[in-house]
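These are my notebook entries on one protein model.

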Amino acid sequence: EQTEPTVQTEPTVQTGTAQPSGKNLEISHLVKQYANADRPVLDDITLTVPAGKVTVVLGPSGSGKSTLLRTVAGLEPIQGGEIALDGEVIASGKSGNAKSGRQQRSSDLRTRVGMVFQSYDLFPNKTVLGNITLAPTIVQKRPKADAEREALELLGRVGLADRKDAWPHELSGGQRQRVAICRALILHPEIMLFDEVTAALDPEMVREVLDVIVELADQGLTMMIVTHEMAFARAIADRIVLLDGGHIVEQSDDAERFFTDPASERAWQFLRTFQ
Ligand code: ADP
Ligand code: MG
């Protein structure tokens with residue numbers, strides 16, 4: 001049985017009060033059904049990802065978390081509803097019906113929506129610097145020197161300035177994920193999506209990646225994060241969304257409350273599996 005969300009989505013953040021890099025993401029009545037599937041994997045999802053805030057999406061395996069992020073990133077067509085970024089529709093069920101299968105992200109979305117996934121592979125035949133500067137120079141046609149200057153600045157921020165000439169195979173998993181984050185950030189995205197970015201890492205490398213994400217949150221970057229690191233989720237979330245079976249079970253603007261006293265029995269059940 002579905003429970004009503006306990007916290008209603010708040011009104012759109014006024015542009016004037018939004019963080020400089022933050023743009024509101026509005027998902028309304030989103031329906032996503034894979035070709036050949038007999039029912040939708042996301043069914044009537046409505047949620048706001050507030051500008052300058054961190055929205056953490058939780059849920060059991062198969063609940064639709066990755067699919068949700070992929071629809072926002074423009075990697076999956078949708079069959080119903082709408083996704084709007086800063087008031088502009090970036091995906092609509094009306095056009096989604098015409099397409100099938102995975103789609104190439106438009107260069108506009110590649111720039112506006114940054115994403116880092118669990119196995120976000122770097123280009124193996126490019127150095128760290130080459131990986132980060134590829135999209136800005138090719139997609140955005142920025143001068144190479146300019147892109148390299150910013151890439152070095154970003155690498156400095158994630159503690160990898162000395163690895164700029166390294167090849168991906170020479171890096172640890174944690175270093176690779178930090179490079180992947182730089183590769184997304186150099187495009188100055190309005191929102192960043194993280195899908196279980198530490199799930200494939202050895203435990204000692206998890207912290208170095210999570211610390212970078214915490215720093216981005218402190219800077220007011222709008223983010224949507226899927227994670228199984230509950231302590232991290234609790235510490236970083238402004239908003240929690242719990243998915244199950246393609247539905248929103250509960251959403252809360254009080255992360256602490258969600259973790260200590262969630263409204264739904266399903267949330268209690270879910271949280272118990274991490275104890
Ligand atoms: P989560 O990230 O929460 O584990 P996913 O979004 O990966 O969930 O998957 C949700 C459901 O959609 C699952 O039942 C999964 O098997 C199905 N699914 C995911 N990707 C595809 C695909 N490309 N084609 C068909 N079904 C898919
Ligand atoms: Mg997933």
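I began with burial: of the 275 residues in the protein, 43% are buried, where buried requires 20 or more other C-beta atoms within 10 Å of a residue's own, exposed means 12 or fewer, and partly exposed lies in between, with C-beta atoms placed from the backbone. The model is predicted, and local features need pLDDT of at least 70 and side-chain atom pairs pLDDT 80 or more, while totals for chains, interfaces and linings use all residues. Residues are numbered from 1 along each chain as its sequence is written, and chains are lettered from A and ligands numbered from 1 in the order in which they are written.

I then noted the secondary structure, which comes to 10 helices and 10 strands; these are DSSP runs numbered from the N terminus, helices being H or I of at least four residues and strands E of at least two.

Ligand 1. I listed Tyr34, Ala37, Val41, Gly59, Ser61, Gly62, Ser63, Gly64, Lys65, Ser66 and Thr67 around ligand 1, a residue being near if its C-beta atom, placed from the backbone, lies within 6 Å. I recorded this shell as 3 nonpolar, 7 polar and 1 charged residues; Ala, Val, Leu, Ile, Met, Phe, Trp, Tyr, Cys and Pro count as nonpolar, Asp, Glu, Lys and Arg as charged, and the others, Gly among them, as polar.

Helices α4 and α5. I found that the axes of α4 (residues 128-138) and α5 (residues 144-157) come within 9 Å and cross at roughly 130°. The angle makes α4 oblique to α5, since angles under 35 degrees count as roughly parallel, over 145 as roughly antiparallel, 65 to 115 as roughly perpendicular and the rest as oblique. On the α4 side I noted Leu129, Ile132, Thr133, Pro136 and Thr137, which meet Lys144, Ala147, Glu148, Ala151 and Leu154 in α5; contact means C-beta atoms, placed from the backbone, within 7 Å. This contact has 6 nonpolar, 2 polar and 2 charged residues.

Helices α6 and α7. I read an angle of about 15° between α6 (residues 173-185) and α7 (residues 203-218), with the axes 8 Å apart. That makes α6 roughly parallel to α7.

Backbone angles. His29 is in strand β1 (residues 25-32), whereas His188 is in the loop between α6 and β7 (191-195). His29 counts as partly exposed because it has 13 C-beta neighbours inside 10 Å.

Notes. Axes fitted to C-alpha atoms, helices over the stretch in contact; angles between N-to-C directions. Contact = placed C-beta atoms within 7 Å.
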